[in-house]
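The sequence and the model come first, and the description follows.

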Amino acid sequence: MDFDLSEEQRLLKDSVDRLMADRYDFESRQRYAKEPEGWSKELWSAYAELGLLALPFDEAHGGFGGGPVETMAIMEAFGRSLALEPYLATVILGGGLLQHGGSEEQKSAYLPQIASGDLRLAFAHTERQSRYDLFDVGTAAQRDGGSFVLNGQKSVVLHGDSADKILVTARVAGSRRDRDGIGLFLLDANAPGVSRRGYPTQDGQRAAEVTLESVRVDAENVIGNPEGALPVVEKVTDIAIAALTAEAIGAMDEMLKLTVDYLKTRKQFNTTIGSFQVLQHRSSEMFIALEQGRSMAMFAAMMAQEQNAEERRKAISAAKVQIGRSGRFVGQQAIQLHGGVGMTMEYKVGHLFKRVTMIDTLFGDADHHLSKLAETGGLMAA
Amino acid sequence: MDLRFTDEELAFRDEVREFFRTALPDSIRRKMIEGHHPSKDDLVTWSRILNAKGWAVPHWPVEWGGTGWSPVKQYIFRDELQQAPAPEPLAFGVSMVGPVIYTFGNDEQKRRFLPRIANLDDWWCQGFSEPGAGSDLASLKTTAKREGDFYIVNGQKTWTTLAQHADWIFCLARTDSAVKKQEGISFLLIDMKTPGITVRPIQTIDGGHEVNEVFFDDVRVPAENLVGQENKGWDYAKFLLGNERVGIARIGISKARLKRVRELASLERIGDVPLIEIPRFREKLAAVEVELKALEMTQLRVVAAESRREKGKPDPASSILKIKGSEIQQATTELLMEVVGPFAMPYHPEEEGRNEPIDGPDWASTAAPTYFNWRKISIYGGSNEIQKNIIAKAILGF
């Protein structure tokens, strides 16, 4: 039992924290959001230089063999600064799917390119009807000799508009809600038949609607078993959820800090409003929600590598429930305690609130995961 | 960072679990599972079994019977004890006055009291709260006037838990009323058999008799029973209250009760469907489990940081443990009452020698009283509102 970071992890955390403190203050962030991709290419290069884009990959493929604890340190810093770059889409999701599901050739071909910052990926899984069910896949992949022809539509593809390649789930066999029969395919984002419509998301990031019309995918771009990709998809999304819980903690921590600072300086009735017990207690409740969330983000990081898939899923669901609830409470109270200032677009706290709100809707909200957890016998029966 | 227990810690957990499985008398285990209060005899019996094993006071210094276990092992021990479920050793002795005596007492006091606390030869109770001194404890009015080799104690204590069984009471009393209220308080050890002490029961809303009023009328306390220095009692009291918060999350107790809820909810049926399969109910149960898992991780973070903390300085984060721990324990009592349904209604006061049959399933009768009784836990040990003050001041810097 040890909650401390190792020396190497501490160095990593310090360097990420320093980079974000130096180059990612709120004004810079708002400037980056206006760049053509909706994020900063300059920072993306800086992440590559620091090794962040190579972090979770095997050393054999130019990575550093980092695990969920290293990812947690990075994501917390990104959450605090509201980082816009497609780290989750490219490194955690795209890179993760290749790392955990790809062949040796695929890994050698793409992971080093991700590490150097030259390849950006997106993961297309959500469909109009699927809500949060990863197995609900209507997009069709029809066999044609050794290759596949894809038809269908994918929604809310994170950073799908700026990606070079897109990983897509599509159904090779079975009916729409079968767990078996799902394949994972790597497409060139500009391949014939792929059309993308990018748009901003509520939290200032980017996503795309991706339409696939008779898109041909060769055998070499099928990731893993073409009829059995779901376990890898679930594993990698669980790793992504663990990363998101850490990002949410960074954002919540920043909201609490901004709120407490505000209460200590804002004066009404001839005194700082932080002298009022009702506001002190609310802040204490925010702190409790944050720390309970932080505990579960740590639990998620620990369990993201669990070999037993059912145990892993339960733990990740539990963490997502806690983060969803903590995030909602901390976010709503941060706005409330700031008063009118919290409502303005020019102030950071509202953007943090929007980010944690959207994190709840990524890969299943608190209610979705609570009901999944309850259906599978709860946490303690484990 | 590795949040898993080490192999050694896992082996220790198995050893402890096995001991509780074999050494805890079945009659006591039954009472604990069914939500009855263990009797004085039960607690004495169990404390002596633990003491014979050398496990009555694991957290004490080794020379006074402690085990020298790491904070993590201490945690595992407590968690397993609560999940057994076994009665916890009497906190007033082993967790409250014991640590005050070995930290601030003199050698004579240590020799005289500590072994008897460990073996539950002396039953201790806590004389802190007064009718006019609850959350504002330092405003207490009970006085102790020095006369020769004695203090003469006058006043009233209240909410004195299990004083009806007590041999000794540790008291905060005012020895100087001319100074700031925190600076005139002393910490006295008082023999309950001393003339002038009257104990009067207070019945609580669950129908039980746990707490009492204790009256002091010219009670002569030998001056040698002063702990530490005169007028420094407030420091010792703060130390004691900080220790009290560390174990207060009682995660093992909540785990045991949730297990009970799950078992009973699979027996109770709505029509043909066991309650546990009703989505609304099982989601409510799962939600409490999530909160409890988060609290367990928070507790372990506090435990892991313990070895780095200055001795005797409680972690202000332990206020989270008090607040969430009490809220979760209370939520488990609500769930249990919901499982019991209409058979929460019949009232069976727990009286000695009572042997009339229970109306309804025999496991139902304690559900409502436990729910009523456990409202106390967000009040005692520094109410949850006081804990929020502590977080606001000590952590957030208001």
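UniProt positions are given in the numbering used here, feature names are shortened, and annotations may be inferred rather than shown by experiment. In an unreviewed entry, UniProt lists residues 242-375 of chain A as "domain: Acyl-CoA dehydrogenase/oxidase C-terminal". This span is 78% helix and 3% strand, and its end C-alpha atoms lie 21 Å apart; helices (H or I, at least four residues) and strands (E, at least two) are DSSP runs, numbered from the N terminus.

This is a predicted model, in which local features need pLDDT of at least 70 and side-chain atom pairs count only at pLDDT 80 or more, while totals for chains, interfaces and linings use all residues. Residues are numbered from 1 along each chain as its sequence is written, and chains are lettered from A and ligands numbered from 1 in the order in which they are written.

| Domain of chain B | Residues |
|---|---|
| Domain 1 | 7-89 |
| Domain 2 | 124-231 |
| Domain 3 | 247-348 + 359-395 |

The C-alpha centres of domain 1 and domain 2 of chain B lie 30 Å apart.

Between the chains, 32 residues of chain A are in contact with 36 residues of chain B (C-beta atoms, placed from the backbone, within 7 Å). On the side of chain A that touches chain B, two or more residues each come from helix 8 (277-303), helix 9 (309-338) and helix 11 (366-375) of chain A. Helix 8 of chain A gives the most to that side, with 13 residues.

Conventions
Domains from an automatic or database assignment. Contact = placed C-beta atoms within 7 Å.
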